[in-house]
Every structure is written in structure tokens, then in C-alpha cells.
Amino acid sequence: IKMSELADRLAKRREINEGEVDAPALNIEPKSATYNSGEKDTVDAADNELANKLKRQGNINDGMEVSQNPSVKHFNPYTEFKEFTRAQIKNFRKKFDLYDTSRDGVIDFMELKVMMEKLEAPQTHLALKAMIKEVDEDMDTKISFREFLLIFRKAACGELQVDGLKVLADMPEINVGEEGVKGAKNFFQAKADKIAETNKFEKEIKEEQEMKRKEQEEKKQRRMEFKAKANLFQ
């Protein structure tokens, strides 16, 4: 039985359950019921599989379930990677597309291998797998453009562990010069400086509050001593 026929059957069943159409008259056997037991099991299995797929897709569309292929999920690099300028991201995109020879939106193992060879930094089989693994957040063994940008974010933060990625991030053919990782480093440094400034401000406020507390305690103590002396003359 064709998948399109199964889809039509499921749609018909849903319409009947929801009261959109009348159920078929009783004692009328549909032609599809003339299958033998083996064929019926096959049809039921395919029917259930299609039903599960349709249900899962509906859940994804309704936001009740997450797609298992985040590598193709749309994202806005300009809002997610604010440490880079639009010019930097566009340059990174050009470099990414240059080595995405299959034009499927990801750099797979072989494309990464060719990429490193063209950059005159060939890597071993295990090194290439380690490079992918470090940024492969969706576990599809490929590098999406978002994960490609993560390489340079991690480089700016000094978080890269794999030597191959460190080499990749420092290469002038990939790095966009002074506007590349250096720009990202400046972004994170500015962010760190702002945090330090905020902490310093908070520290000064706490010191001021502590000083006022001590002054209040000293005043209270002086009042108590004054009352004690006054009581001696009563």
C-alpha cells in the first residue's frame, strides 16, 4: 500500500473521530480488509509508523517537541554572535561556503579534511574527528555554520581544546585579520572590564553601607553610656 493512501486513510479516520464526516455504514467491509494476515500486519505496521511520524511532526510544529536535527535549524548569527560585526560574520560565511562543496549547509568530515589540506595544515583522521566533536553541539558529526562560528567564539575566550581548531582559528585565510578573533577578544575584554567595574561599584556601596552601620552602632553605644551615667545622679 502506498504512503499517500495511508496518509489519506489516517486523515479520513481523524475526520470521523472529530465528527467532521459521518462514519461508513455498518456491515460494509472496505476492500482493504481483504488482505491476508501477513499483509495486514505489514499494513498495520506501516500505518502505525506513518501515524507516529505525522504525530511527531505535528508536535514539532506546535512547539511540543524539538527537532532532532538542529544543524539545519534557522538562527540569526547577527543577534546570537554579537561579539562579531556584520562584516566579520559575512566574511566567515564566505569562508564556510567556500569549503561546503556539497552545498548542504554543513562541513562534513571529508570537507573538513580537504579544508585543512588546502590551508596547508593537514590533520590525522583522529584529529579531524576531535575537531568536529569539540563544536558538534547537535551530535550530527558535521559542522554547521553556527558551530563554525563557535570555533571563533571559543578561540576568543581561550576555550578551544583541540589543536586543529586552534590552528584553524589563527589562520589568516580563515581569520578576517584585525577584525576577526582579535575583535572578538576586544569584545570579551570590554565585557570583562564592565563586569569588573560593576563589581568595584558594588564593593564601594557595601563598604559605605558597612561604615554607616558602624556609625549607627557607635551612636547607639554612646546613648547607652550617657543614660547609664545619667542614672547615677538620680
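Which residues have the most contacts inside the largest nonpolar core? Select L112, M115, F148, I151 and L168; the core they belong to has 31 residues. A nonpolar core here is a set of buried Ala, Val, Leu, Ile, Met, Phe, Trp, Tyr and Cys residues joined through side-chain atoms within 4.5 Å. Buried means under 20% relative accessible area, exposed over 50%, and partly exposed in between, with a 1.4 Å probe and protein chains only.

This is a predicted model, in which local features need pLDDT of at least 70 and side-chain atom pairs count only at pLDDT 80 or more, while totals for chains, interfaces and linings use all residues. Residues are numbered from 1 along each chain as its sequence is written, and side-chain values use heavy atoms, with hydrogens and water left out.

**The core**

Stay with the 31-residue core. Helices α4, α5 (109–118), α6 (125–135), α7 and α8 (163–170) each supply at least two of its residues, and α7 gives the most, with seven. Helices (H or I, at least four residues) and strands (E, at least two) are DSSP runs, numbered from the N terminus. Next, centre on I151. Setting aside neighbours within four places in sequence, I151 is in contact (heavy atoms within 4.5 Å) with V135, L160, L165, L168 and A169. In soluble globular proteins, nonpolar side chains tend to be buried together.

**The salt bridges**

The structure holds eight salt bridges, each a side-chain nitrogen of Lys or Arg within 4 Å of a carboxyl oxygen of Asp or Glu. Select R146 and E80, whose closest N and O atoms are 2.6 Å apart in one of these bridges. R146 is in helix α7 (residues 145–157) and E80 in helix α3 (residues 77–80), so the pair ties together parts 66 residues apart in sequence. R146 is partly exposed, at 23% relative accessible area, and E80 is partly exposed at 28%.

E137 counts as exposed, at 52% relative accessibility. E80, E137 and R146 are linked in a network of salt bridges.

Now select E83 and R153, which meet in a salt bridge of 2.5 Å, N to O. E83 sits in the loop between α3 and α4 (86–99) and R153 in helix α7, 70 residues apart. E83 counts as buried, at 7% relative accessibility.

**The annotated spans**

Finally, colour residues 87–122 and 123–158, which an unreviewed UniProt entry lists as "domain: EF-hand". Such annotations may be inferred rather than shown by experiment. Residues 87–122 are 64% helix and 6% strand, with end C-alpha atoms 28 Å apart. Residues 123–158 are 67% helix and 6% strand, with end C-alpha atoms 21 Å apart.
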